[in-house]
Amino acid sequence: MNARYTAARTSLRTAAIMLVFSLLFTAAMAFTYTLTRPAIEASELAEKMRLINEVLPAGSYDNDLLGDVLHLGPTPELGLSRGGAVYRARRNGEAVALLIEAEAADGYAGRIQLVLAVDTDGRVSGVRVTAHKETPGLGDYIDPQKDRNKERPWIGQFAGITHDQVDPAVWKVKRDGGVFDARAGATISARAVTNATGRALRWAVAHRDALFAAETGSTLPPQE
Amino acid sequence: MDMQKFRDNAWNGLWKQNPGLVQLLGLCPILAISTSMVNAVSLGLATILVMAVANLAVASLRNFIPYEIRIPVFILIIAALVTMVDLAFNAYFHSLYLVLGIFIPLIVTNCIVLARVEAYAAKNDPLSSTLDGVMMGIGLVWVLAVLGGLRELLGSGTLFAGIDMIIPSLSAVQVFGDDYPGFLIAILPPGAFFVFGLMIAAFNWLNQRSAARQRAQPQAVAQDKPGEEQPAVA
């Protein structure tokens, strides 16, 4: 009896100490979190704007781009299985370009997230990879920051191409009989990005008018 | 803390008990991120910071941690510290965070941090524990630098690729020329094991050679004895 009492006491005491440590370090983490929150949000926004400026020149639109948003439900044409967003750039109220989130499910290591800007003429203004897990030093050249060719990054070849300039049948990497370059030994990453960009461009051109006409903040396609 | 202890800490971390080559702890991040020298050294530097802070925290709190729940408490401390380092990097060194960010949470899974906390910081004073963390960290960094450098050189023929993300004015060195075809396997995971295995072999060869030299000079062995009686940790 006495031994059981001691065991219970010991476990209670140990558990209490564990609890104190948990509280102490959770509090330390929570404190750091609240302390760093504003700085982190500011730098995340700056990072997002930097990426947007790379695909869409900052002077080409004058509206609050991130505020003029449409939410997308699952959209297979963009590879979005869980939905995403489209931002609409306007200048003096006139439609300028669509900023579209897209995904390629067939990367070498899982999904590759993209953002691309398509202007009203159906011209790709720019494409960037926003998140990927491709092999470092091999497939990660799809991200211009990791691309060893700094003057002409691989992903730059899509910029300026109009939808009617390249036939959908040859909107592929050269290895698959298409027109776009890919680095030897790492075709899979390039193929995924190339195909996703082509699909997203065709989708943007097909839905251009409906997208610009939709009400800000609404969800497409309309939910039943 | 006297000079002898300082030298033992440094010697253990940098060579004798090297966390990469001898203790073989933390292989998962070592092999995963050593595809280039810049990646490898970046993770190593973040690990130094975490190891120093974790050792300091545990050594300071060691008298309050009951023996039977020491492991959960150590893990709690390490995870909390890594989270705080991660948040602080994200907030105040954002450009560095973009490079290191994905690696910092990996440090939690690095066994070497828990191993040093358990083997050293739990039994020693805060000052020498911090030093042990730093020295073990530096020991890991030089192994990572050599491994990352060799794999990058063999795999893509460059050195310091990606340095411009940390120091914008610098750029990568194309060692083998633009037409180097690349030796793919060095960058892929199996290449990490091959290169790392060769490094351990070279390390053991160097150690055996110096041991053989000492056997050839018996009086030198006698002089070195006190140093070798230091507690061999791990």
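Reply: The model is predicted. Chain A falls into two domains, domain 1 spanning 1-55 and domain 2 spanning 60-220. Between the C-alpha centres of domain 1 and domain 2 of chain A the distance is 38 Å. Their contact draws on four residues from domain 1 of chain A and ten residues from domain 2 of chain A. On the side of domain 1 of chain A that touches domain 2 of chain A, three residues are nonpolar, none is polar and one is charged.

Once neighbours within four places in sequence are set aside, A:Met29 is in contact with B:Ala80, B:Thr83 and B:Met84. A:Met29 is classed as partly exposed because 16 other C-beta atoms lie within 10 Å, a count that falls between the limits of 12 or fewer for exposed and 20 or more for buried. A separation within chain A may also be given: A:Met29 and A:Asn63 stand 34 residues apart in sequence, and their C-alpha atoms are 38 Å apart in space.

Across it, 22 residues of chain A are in contact with 29 residues of chain B. On the side of chain B that touches chain A, the elements giving two or more residues are helix H4 (70-92), helix H7 (126-156) and helix H8 (184-187) of chain B. The most is given by H4(B), with twelve residues. By class, this side of chain B comprises 17 nonpolar, ten polar and two charged residues.

A further site in chain A carries an annotation. The unreviewed UniProt entry places the feature "modified residue: FMN phosphoryl threonine" at A:Thr187. In the model, A:Thr187 lies in helix H2 of chain A, residues 187-213. A:Thr187 counts as partly exposed because it has 17 C-beta neighbours inside 10 Å. Apart from neighbours within four places in sequence, the residues in contact with A:Thr187 are A:Val173, A:Arg175 and A:Ala182.

Technical notes. Residues numbered from 1 in each chain as written. Chains lettered and ligands numbered in written order. Predicted model: local features only at pLDDT ≥ 70, side-chain atom pairs only at ≥ 80, totals over all residues. Domains from an automatic or database assignment. Contact = placed C-beta atoms within 7 Å. Nonpolar A, V, L, I, M, F, W, Y, C, P; charged D, E, K, R; others polar. Helix = DSSP H or I, 4+ residues; strand = E, 2+ residues; numbered from the N terminus. UniProt positions renumbered as here; feature names shortened; annotations may be inferred.
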